[in-house]
Amino acid sequence: TKWLSEEDQTKILEKIPEKDKPIFALMFLSGARPAEVRALRLRNVNMKTQIIRIDSTFSKGIYRQRRKGKYAKPLLIPIPSVLEKYIQGRFQILENPFAEDEEKNLEQWLFVNPGTGRNYSATGLRRIWDKAKEGAGIEGVNLYEATRHSFGSQESNKGESVYMISKMMGHSSV
């Protein structure tokens with residue numbers, strides 16, 4: 001299994017354009033699958049409880065309203081403090097008194113690619129990742145390994161139990 005240290009993740013994050021950092025920060029800090037983070041909508045965020053509910057994913061380019069895995073349940077993760085300002089900014093669209101349909105607004109993507117105005121594509125994320133990784137001088141680790149595998153490995157190195165790591169990552173079993 002390939003993975004990155006927090007130091008290497010930080011080196012790469014420094015090479016990611018500022019406008020794209022929030023989506024990468026959430027992947028690094030939560031260990032969520034890139035396809036799950038891409039699928040997040042505003043309705044998945046509860047600012048009162050500071051929780052993000054991961055309950056959908058992209059699979060082969062298609063939005064799926066359930067997580068990967070036969071027995072996968074929704075995953076609840078805390079909103080990292082470094083993302084609070086970004087997420088609050090995304091919710092400002094809901095505070096518009098002239099908004100026609102609040103439910104429609106809640107279906108907007110949490111992470112929007114500033115270049116396209118749409119959600120990030122797998123290819124778009126991979127391009128950003130590859131360029132930043134190269135700029136940081138790090139080779140041989142793909143985005144999935146750098147986020148999901150790294151999160152689990154880092155938690156293990158901190159002494160977290162395999163059971164707790166499996167729960168934090170949303171595995172249905174240890």
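Let's start with a pair: D130 and K133 join their side chains in a salt bridge, at 3.9 Å from N to O. By salt bridge I mean a side-chain nitrogen of Lys or Arg within 4 Å of a carboxyl oxygen of Asp or Glu. Side chains of opposite charge can pair when their charged atoms come close.

A word on the source: this is a predicted model, where local features need pLDDT of at least 70, side-chain atom pairs count only at pLDDT 80 or more, and totals for chains, interfaces and linings use all residues. Residues are numbered from 1 along each chain as its sequence is written, and side-chain values use heavy atoms, with hydrogens and water left out.

Back to our pair. D130 and K133 sit 3 residues apart in helix 6 (residues 122-135), so about one helical turn separates them. Helices here are DSSP runs of H or I, at least four residues, numbered from the N terminus. Is K133 buried or exposed? K133 is buried, at 13% relative accessible area, while D130 is partly exposed at 36%. The cut-offs are under 20% for buried, over 50% for exposed, and partly exposed in between, with a 1.4 Å probe and protein chains only.

Helix 1 (residues 6-15) holds D8 and K11, also 3 residues apart, and their side chains form a salt bridge at 3.6 Å, N to O.

Next, K158 pairs with E155, with the closest N and O atoms 3.5 Å apart. K158 is exposed at 54%, whereas E155 is buried at 14%.

Key
Helices (H or I, at least four residues) and strands (E, at least two) are DSSP runs, numbered from the N terminus.
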